Amino acid sequence: MRLLVPPRVSPTTPGGTGDWWCAACTPGWVGFEGGDAQLGQAWGARAAHPPIPHSFPAALLFQLPALRTWRKRLALADKDHVMVVATSPFVPHPGPTEHPVTMGLPALAFLLVAGVLHTQASPLARSFQLDYEEDCFRKDGAPFRYISGSIHYARVPRLAWRDRLLKMYMSGLSAVQVYVPWNYHEPLPGLYDFAGDRDVEAFLDLTAELGLLVILRPGPYICAEWEMGGLPAWLLWKPDIVLRSSDPAYLAAVDSWLHVLLPKIKPRLYHHGGNIISVQVENEYGSYYACDHGYLQHLLGSFRALLGSEVVLFTTDSTRAEELRCGTLQGLYATIDFGPGSNVTEAFGAQRQVEPKGPLVNSEYYTGWLDYWGEAHASTSSAQVAQGLEDMLQLGASVNMYMFHGGTNFAYWSGADFKDQYKPVTTSYDYDAPLSEAGDPTEKLFAIRTIISKFQPLPVGPMPPATPKYAYGWVALRKYANLLDVLDVLCPSGPIQSQFPLTFEAIKQAHGFVVYRTQLPRDVLDPATLEAHPHSVCDRGYVMLQKEYQGTLERDGQRELHVTGRAGDTLDVLLENMGRINFGANTSDFKGLLGNLSLDSSPLSNWLIYPLAIDTAIWEGWPHTALPKSSWGGRAGPAFYTGTFETPGIAWDTFVKFPGWSKGQLWINGFNLGRYWPRRGPQQTLFVPGSVLHVGRPNNITVLELEGAPATPLLLFLDRPLFNRTLSRSTMAIE
């Protein structure tokens with residue numbers, strides 16, 4: 001094991017102060033080297049790990065009860081620049097060429113002796129393997145089981161990654177489980193984005209830096225209550241494509257993506273010196289109708305070709321026999337998922353039906369559950385979660401807790417379920433998880449931490465505190481313009497003409513909003529029925545006649561309105577995509593108007609279709625940099641509202657409430673914070689990360705209200721979230 005310290009950065013270098021800590025331990029030898037004799041002043045992070053003697057020379061080799069990866073936690077910027085390289089056998093590093101190392105005979109003799117001893121007791125090469133004889137994993141040859149938690153980097157702002165991961169490490173977790181959402185990184189075919197919040201390599205490197213192993217779940221399908229289960233919407237540009245199957249069109253897209261992603265992963269595999277111990281292939285495939293083992297076999301071949309034969313590949317399915325039959329494959333280790341309240345013995349008995357030998361693994365132990373718009377906020381007892389965890393650990397099982405930190409479905413990334421009806425997921429992905437949506441430790445976290453302490457030592461040191469919050473108070477907004485009055489800004493390329501409506505996918509619009517415009521074909525003096533056929537409005541249509549708001553048509557909800565007007569009057573329908581289905585058979589979830597609207601049973605035709613690029617306009621500064629508009633009409637219907645506020649010298653996390661507002665989308669400083677819908681609930685506030693806010697200059701607020709704003713358009717910034725329409729006494733007093 002070599003630890004390489006960058007030149008001119010050492011414990012005695014200005015700006016290089018810090019401490020040394022042990023990231024991983026296995027039996028064997030450890031080597032250190034560097035150009036500073038003060039290296040010997042380093043110390044181990046855990047009390048059980050002895051400090052390094054002060055007298056050790058700059059390059060040394062010595063035997064410890066366990067092989068330790070020592071790292072420098074430098075007092076530098078966000079990212080440490082200490083590289084840990086695992087090598088076997090130990091080879092002394094020559095040092096920077098501009099600073100040649102000289103040593104006397106005693107030191108040379110010491111190294112020669114150490115080298116002889118090392119030859120006699122060389123550690124095993126880095127490895128992570130399945131042991132079918134002893135029913136366990138083996139890490140570097142020793143029996144191993146992991147206690148892990150799920151975190152989704154795509155639901156957490158990059159500046160908060162370190163905070164969340166450090167809290168997970170201090171909770172006693174040895175690993176984190178990470179999804180890679182394909183559609184987050186390939187928004188258009190062949191166009192890849194791995195920058196900023198999408199820098200998955202930086203996230204993985206940070207997990208390694210903090211001493212956490214990784215269980216990677218790269219899909220290509222991930223579910224995760226994420227838009228379309230992580231599959232890109234552009235797959236549906238081919239309307240007859242069969243997703244998650246051996247369809248050649250689908251496989252071609254998958255292969256192209258895997259050839260981009262997996263080469264980024266391979267150097268980070270554990271046996272290559274990284275921290276990724278296992279990789280999941282697909283996800284819960286047994287729940288999908290296709291049951292196409294040829295598809296799984298194709299994925300297995302691709303993963304092996306791109307990652308090699310040594311990495312542990314696995315599947316995850318529920319404990320139902322039918323799902324385990326369709327979701328498992330020879331060559332992929334079968335794991336299961338189940339939540340608290342399940343009979344642990346029976347659940348693992350189901351795994352044993354498909355994996356008679358090998359480690360017991362629950363890849364998704366549910367610490368809580370997701371929320372749907374219009375339903376109560378989900379919660380799960382801390383005691384029940386802790387008891388289930390203890391029962392599994394007593395059996396020697398490896399466990400991943402889903403979720404350990406949920407985060408937020410910013411922008412349009414929330415998915416939907418279909419359980420007898422369409423059920424869109426809320427913006428908050430709090431999940432009643434051990435770390436809250438804002439990353440705060442909860443009672444559930446400490447209950448879990450107590451259980452973990454019974455089975456393995458906890459890291460020494462306090463749990464990092466909750467992130468600071470600030471109640472910025474009331475902010476007044478003003479109406480900027482009705483949406484229909486700014487189509488020239490939101491759709492600069494102009495409308496698409498079509499006799500009949502086209503789907504979002506047909507006009508290559510992935511997310512957000514599209515306006516469908518036509519004219520009344522005749523006078524309608526008595527109220528006529530404007531009707532959408534079943535399943536033709538996906539997902540909500542806001543109807544305007546002569547720019548007057550008429551009401552809303554909704555998937556699995558209201559399908560007709562009554563209107564009057566004159567021949568030639570303009571009929572507009574703003575269609576909102578509320579998130580594509582992420583689980584079950586119907587992941588080919590097309591959006592927009594999937595069929596004709598009819599007026600008293602006569603189909604309407606001759607449409608102008610406006611794909612709206614709202615996010616692009618707002619990111620470029622609109623409407624705050626545009627000239628004020630004289631807004632026409634009242635408060636009903638889709639319209640933009642703007643305002644500003646300043647932070648009092650700090651930019652802390654906050655939560656924004658929408659008193660009297662109906663439904664819409666919020667942007668602050670161009671960042672899309674997601675959907676609000678207080679009329680339907682349960683979520684009453686949106687989480688605003690402090691990293692979104694400015695200090696020393698105004699913060700620009702843009703609201704797209706879809707149904708109707710309050711008479712006095714105000715937002716209220718609080719220091720805590722509100723769910724289930726539950727207001728605290730202090731908040732009610734403020735209001």
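Visitor: Is Asp572 buried or exposed?
Guide: This is a predicted model, and the values here are computed from it. The cut-off for buried is under 20% relative accessible area. Asp572 has a relative accessible area of 1%. That makes Asp572 buried.

Visitor: Which residue meets the side chain of Asp572 in a salt bridge?
Guide: The pairing calls for a side-chain nitrogen of Lys or Arg within 4 Å of a carboxyl oxygen. Here the N to O distance is 2.6 Å. The partner of Asp572 is Arg517.

Visitor: How many residues apart in sequence are the parts that Arg517 and Asp572 tie together?
Guide: Arg517 sits in strand β21, residues 513-519. Asp572 sits in strand β27, residues 570-576. The pair therefore ties together parts whose separation in sequence is 55 residues.

Visitor: What is the relative accessibility of Arg517?
Guide: Arg517 counts as buried, and the limit for that class is under 20%. The value for Arg517 is 18%.

Visitor: Which residues do salt bridges that share partners join into one network?
Guide: The linking rule is shared partners.

Visitor: How many salt bridges does the count come to?
Guide: A pair qualifies when its nitrogen and oxygen lie within 4 Å. By this rule, the count of salt bridges is 37.

Visitor: Which residue meets Lys454 in a salt bridge?
Guide: The N to O distance is 3.1 Å. Lys454 lies in the loop between α10 (443-453) and β18 (473-476), and its partner lies in helix α9 (residues 382-394), so the pair ties together parts 64 residues apart in sequence. That partner is Glu390.

Visitor: Is Glu390 buried or exposed?
Guide: Lys454, at 51% relative accessibility, counts as exposed. Glu390 has a relative accessible area of 13%. Buried means under 20%, so Glu390 is buried.

Visitor: How far apart are the closest N and O atoms of Lys444 and Asp432?
Guide: The two residues form a salt bridge. Lys444 is in helix α10, and Asp432 is in the loop between β17 (422-424) and α10, twelve residues apart. Lys444 is buried at 4% relative accessible area, and Asp432 is buried at 18%. Their closest N and O atoms are separated by 2.9 Å.

Visitor: In which loop does Pro220 lie?
Guide: The peptide bond from Gly219 to Pro220 is cis, with omega near 20 degrees. Pro220 lies in the loop between β10 (213-217) and α5 (248-265).

Visitor: What is omega near for the peptide bond from Cys538 to Asp539?
Guide: Asp539 is placed in the loop between β23 (537-538) and β24 (540-545). The bond from Cys538 is cis. Its omega is near 20 degrees.

Visitor: What is the phi of Asp135?
Guide: Asp135 is found in the loop between β5 (128-131) and β6 (136-139). It is partly exposed, with a relative accessible area of 30%. Although Asp135 is not a glycine, its phi is positive, at about 55 degrees.

Visitor: What is the relative accessibility of Lys547?
Guide: Lys547 lies in the loop between β24 and β25 (548-554). It has a positive phi of about 70 degrees although it is not a glycine. Lys547 counts as partly exposed, at 38%.

Terms used
Residues are numbered from 1 along each chain as its sequence is written. This is a predicted model: local features need pLDDT of at least 70, side-chain atom pairs count only at pLDDT 80 or more; totals for chains, interfaces and linings use all residues. Side-chain values use heavy atoms; hydrogens and water are left out. Helices (H or I, at least four residues) and strands (E, at least two) are DSSP runs, numbered from the N terminus. Buried means under 20% relative accessible area, exposed over 50%, partly exposed in between (1.4 Å probe, protein chains only).
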